[in-house]
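Please look through the model shown here before turning to the numbered points.

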Amino acid sequence: MRLFPSFRLNRSIGIDLGTANTLVYSKKHKKIVLNEPSVVAVERESRKVLAVGNEAKEMLGKTPDTIVAVKPLSEGVIADYDITEAMIKYFIKKVFGSYNFIMPEIMICVPIDVTGVEKRAVLEAAISAGAKRAYLIEEARAAALGSGLDIAVPEGNMIIDIGGGSTDVAVISLGGTVVSKTIRTAGNNFDNDIIKYVKKTHNLLIGDKTAEEIKIRIGTALPLEEEEKMTIKGRDLIIGLPKTVEITSEEVREAINDSLMEVVDCVKYVLERTPPELAADIVDKGIVMAGGGSLIRNFPEMIAKYTNLNVKLAENPLESVVKGAGLALDQLNILRKIEKAER
């Protein structure tokens, strides 16, 4: 129906369906209207959904045997179809309310190397959750749009999008991806690295939430002029009792360094395969980083060190992808280049 195009457009939303968090951008309000963890709490036997988002995340690691808090997305793609559908439906209802007679159009972000089967799973989950029509856009392309890059011009734009489950590195020109690579090393890996390090070095078992807090507060990609410290709590693996220890920023850097270098190697791989003319553009314009994983302190400086290029953070790294998904709904030249799905 095209009788009321402006109203239809206002119902459109962009969704960054991330491994760690799901963000929703509303075309009507021109801003992010929802940002909640991609977590769902369900009854173990019946699979009945008990809580979604913030409420469910509070249950992680604290549920009885009859309840399990799960992350239905793994490495940026659907790992549990039914739970993902329930999560999308919950978020749509939260954005539009219970009395949603006119279904929205949705632009959903997916990793660059997602398979055809995985694409269909995402689209079917969105349609089943109540979308009138669903589209897919590559996360790297969305991140570039949301970071303010003009990807439609015949110039090379390089974007690094580090999410929770995957990292996408791409060179984009004339609205299309020229060279790209995705690795399953991202924010969640940094957390796991910290958990393993603390377990090995301090004989202390900590959870995902504590590891994430350590990463955010004292995580760094390069040595700091003045070392920072943080007190953490967990369970002593030797005596089995609660224990408190102190961890330093240097220890965190050591813990996550291998994963950070995997991202650096991915960037170098893409640069080595970039056509000369586009490489020249990147020398002039530099590289833009987006996504929550890019917020590791001194990470842009680390990549600049190994590439000899100017590297900068997007203005709002956490919001770039979902904002780009919303903007893509306005750009027909972009829409023609991405996969569409109708009911």
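1. Which side chain meets that of Lys57 in a salt bridge? In this predicted model, the partner is Glu212, with 3.6 Å from N to O; a salt bridge is counted where a side-chain nitrogen of Lys or Arg lies within 4 Å of a carboxyl oxygen of Asp or Glu. By this rule the count comes to 14 salt bridges. The pair of Lys57 and Glu212 links distant parts of the chain, since Lys57 belongs to helix H2 (residues 54-57) and Glu212 to helix H7 (residues 208-218), 155 residues apart; helices here are DSSP runs of H or I with at least four residues, numbered from the N terminus.

2. On conventions, residues are numbered from 1 along each chain as its sequence is written, and side-chain values use heavy atoms, with hydrogens and water left out. As this is a predicted model, local features need pLDDT of at least 70 and side-chain atom pairs count only at pLDDT 80 or more, whereas totals for chains, interfaces and linings use all residues.

3. The protein chain is divided into domain 1 (12-141 + 322-342) and domain 2 (151-313), with bounds that come from an automatic or database domain assignment. The centres of the two domains, taken over C-alpha atoms, are 24 Å apart.

4. Where the domains meet, 18 residues of domain 1 are in contact (heavy atoms within 4.5 Å) with 21 residues of domain 2. Together they bury about 1,600 Å², 48% of it on carbon and sulfur atoms; buried area is the accessible area, for a 1.4 Å probe, that two parts lose on being put together, summed over both. In domain 1, Glu75, Ile112 and Arg141 lose the most area to domain 2, together 32% of what that side buries.

5. Between domain 1 and domain 2 the count is 2 salt bridges.

6. Confidence is given as pLDDT, the predictor's value for each residue from 0 to 100. The chain has a mean pLDDT of 87, and 92% of its residues reach 70 or more. Over residues 1-9, however, pLDDT stays under 50, and over residues 338-343 it is below 50 as well. Where pLDDT is low, the predicted coordinates should not be read in detail.

Terms used: Helix = DSSP H or I, 4+ residues; strand = E, 2+ residues; numbered from the N terminus.
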